[in-house]
Each structure stands twice: as C-alpha cells, then as structure tokens.
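Here are some notes on the structure, written as numbered points. Please read them with the model open.

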Amino acid sequence: MHIEKNVFDNVFNTVLNVKDNPKARLDMVEYCDRPQLAKNASGSYPKAAYTIDKAATYILFDWVKGLMFPDGYVSNLSRCLYTTKYRLFGMKSHDCHVFMQRLMSIAFHELLPNNVWQAVTELSLFFKDLSSITLRVAEMERLEVDIPQILCKLERIFPPGFFNSMEHLPVHLPYEARIVGPVQYRWMYPFESAARNDDGGVMKDVEGNLSIFTHRGRLWGEAKKRNLSLDEIKAAQTYILLNCKEVEPFVSMYVERLQEELPNLSQDQIDESLRTYFAEWFKGYVHCNHIENEFLRSLAHGPLISAKYHSMYFVNGYKFHTDCHGSARSTMNSGVCITDLNVGDYYGKIQDIIQVEYREEPLK
C-alpha cells in the first residue's frame with residue numbers, strides 16, 4: 001500500500017510539473033538524448049510531453065472538486081487541492097490508492113499525449129489487478145511479465161530523476177502476491193480507516209418469514225406517509241414476487257402453463273408476461289387454492305396503498321440515501337447498480353426509499 005502511494009505521488013507530481021527543474025532537463029539531454037528539451041535561445045525550457053500546463057491543471061483540479069464518492073470510500077479530495085501551487089497535499093494512503101486505481105486513467109485521458117496516457121494507465125491497471133479480491137496464478141505470472149515492460153515505457157517518457165528504488169519495487173509485487181495470496185489480508189487500510197456504519201437496531205428475524213424480507217438493515221430519518229399510485233403498487237408487488245424464493249415454484253408453474261398455451265414464445269416475451277400478468281395470476285391462484293403459508297396468502301393480496309417513505313437506509317455496512325437528501329452534501333450515496341442477466345447492468349439514482357406494508361391478518 002505504501003509502494004502504491006509513493007509511486008502515485010511520483011507520477012502525479014511529475015505530471016503536474018512539480019519535479020521538472022533545470023537539473024532534470026540536463027539529465028534528459030545528457031542521458032536520454034532528448035535535445036528538444038534543452039534550454040532554448042531565450043533561456044527558457046520548452047514544455048515536456050509528460051507534463052501539463054497550468055490551464056490543464058486548473059481543468060484537472062476543477063474536475064476533482066466536482067467528484068462525489070460514497071461516505072467512507074475516500075476523503076474529501078477537494079480539501080487536498082493546493083490551488084495556488086497546483087499540487088495535492090494531505091492525501092492519505094487510501095486516497096492515493098483510490099486515485100491510482102480508479103481515477104488516474106480518467107483524469108489524464110484528455111490532458112496527456114496518447115503514448116504517455118497509455119503508459120500511466122497500464123501502471124494504474126497493474127495495481128488494480130494486483131489488488132483484486134481473487135487472484136489467479138496465471139494472472140500474477142502475466143503481471144510479472146508486464147510490469148518490466150510498463151517501467152521500460154515509463155523510462156522512455158519520464159526523466160531519469162523519476163526512477164528510484166521505489167519505482168523498482170513493483171517488479172517484486174506479483175511474485176509476492178503469487179506466493180502469499182491476495183493483498184487485502186496484509187495491508188493496513190482496514191485498521192487505518194474509520195469503522196463502517198453500524199447496522200445497530202436491525203430488523204429481527206421472524207420465524208417463518210419470507211426470504212425477501214429478512215435482509216438486515218435499518219431505516220433512518222423521520223418517516224412520512226403517502227399513498228402509492230397504482231403503478232407503484234404493481235411495480236412493488238411484481239418485484240417482490242419475482243425475487244422471493246418461496247414464490248419460485250409458482251413462477252415455474254406459471255411459465256409452464258404459458259408455454260403449453262403458447263409454445264412459440266421467446267424468453268423476452270415470457271419475461272414481459274411475468275412482469276405484466278404474474279401478480280394478478282398469483283393472487284387468483286392463491287385465492288382459489290388452499291395455501292397453508294399465511295405469509296404467501298398475505299403477499300398475494302399485494303401491499304397496502306398507504307406506505308411510509310424515508311430519506312436514508314443502512315444495510316450490509318453501507319448507507320444509502322435519496323438523491324434529494326444528498327443534493328447539498330459533498331458525498332454521494334444515492335447511486336445504485338442492479339444486475340440483470342437478460343438486460344445487463346442498470347445504473348440509476350434513488351429517488352424514494354419506500355417501506356411497503358401488508359395486511360396484518362392473512363387472507364381467509
């Protein structure tokens with residue numbers, strides 16, 4: 001983790017022209033055979049391709065100021081900007097870790113020449129692959145081959161003063177990871193960072209409760225009431241039914257009957273039928289048949305029109321809040337990603353956190 005921080009500091013300060021001085025330019029001319037970087041007739045030094053000017057630095061800093069991360073993911077990077085000297089200061093090791101692996105390639109994509117950006121991006125991806133949760137021997141062997149090539153590309157770009165013992169150490173990291181395993185069990189980030197949000201006051205398990213309602217979490221903020229629209233009720237009812245394990249046998253039954261009546265239906269048509277008609281079919285099936293599970297009988301009737309909505313929800317150590325609640329905050333916890341095998345990944349922002357309620361008494 002400290003190797004990554006030191007390498008990041010070296011790369012970032014070099015690109016921001018902090019380390020570009022007359023001595024470094026002399027080294028470039030003498031050892032690297034780059035006479036185009038020598039002092040010109042006017043006594044000034046031409047701009048190096050691996051640095052960005054003050055205008056580009058202002059663009060970069062303005063971009064960093066607008067970044068919003070989830071609470072606890074990283075420090076407020078806008079406070080680390082030293083705009084008068086165009087430098088970053090006060091960044092912790094984990095801040096450098098996030099910037100190196102998640103932001104480096106994006107930050108310099110339009111500010112550096114393509115060959116410089118590619119070399120810096122390859123270095124960023126090297127540390128990202130090295131820090132993966134799951135490591136494979138073949139991947140570590142590939143990184144052992146890649147890192148010397150990456151450093152050679154950097155040697156063709158950056159001045160000799162860029163390279164010291166710290167830039168040599170990444171060569172040994174893939175072998176170390178291949179021998180001792182993922183780095184998450186050996187770095188100090190969990191001990192240096194603050195504890196995550198406590199999920200105190202979580203919902204207690206209820207004997208016989210349905211699987212979809214047993215996720216541990218807690219609501220926060222004053223609860224407000226409003227009536228759900230018919231579209232909201234249908235959307236909530238359909239989502240709950242199609243994501244409840246106890247309802248899966250009925251989903252299979254519905255699909256089998258649908259295929260018997262219309263054998264040439266595609267998977268997309270079946271999915272559309274489930275979203276449109278399954279909730280009503282399930283309600284009728286439960287009403288006409290003897291279902292012993294009282295929770296399924298209550299579930300079939302659908303949620304009540306009256307519902308509560310909140311501004312924040314804690315679950316699995318993470319905090320989520322609505323887009324409106326976080327509009328004035330420097331952090332962003334309203335973004336969500338939902339993965340669907342058929343549609344793919346869906347990205348959006350939380351508009352409402354609604355607590356739906358069902359009948360207390362099961363249907364007869």
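1. Cys337 is partly exposed, at 41% relative accessibility. Cys244, in contrast, is buried, with a relative accessible area of 1%. Buried means under 20% relative accessible area, exposed over 50%, and partly exposed in between, using a 1.4 Å probe and protein chains only. The structure holds 0 disulfides, a disulfide being a pair of cysteine sulfur atoms within 2.5 Å.

2. This is a predicted model, in which local features need pLDDT of at least 70, side-chain atom pairs count only at pLDDT 80 or more, and totals for chains, interfaces and linings use all residues. Residues are numbered from 1 along each chain as its sequence is written, and side-chain values use heavy atoms, leaving out hydrogens and water.

3. Strands E6 (residues 312-315) and E7 run antiparallel and are joined by 4 bridges. Strands here are DSSP runs (E, at least two residues), numbered from the N terminus, and two of them pair if DSSP finds at least two bridges between them. Met312 has His321 in E7 as its bridge partner. The hairpin of E6 and E7 has 2 residues between the strands, and Asn316 takes a positive phi near 55° there.

4. In a regular strand, side chains alternate between the two faces of the sheet. Strand E7 (residues 318-321) has Lys319 and His321 on its covered face, and Tyr318 and Phe320 on the uncovered one.

5. An open sheet is formed by 3 strands in the order E4-E5-E10, with antiparallel pairing. Its edge strands, E4 (224-227) and E10 (353-355), each pair on one side only. Strand E5 (residues 306-310) pairs with E10 over 3 bridges, and Lys308 has Gln355 in E10 as its bridge partner.
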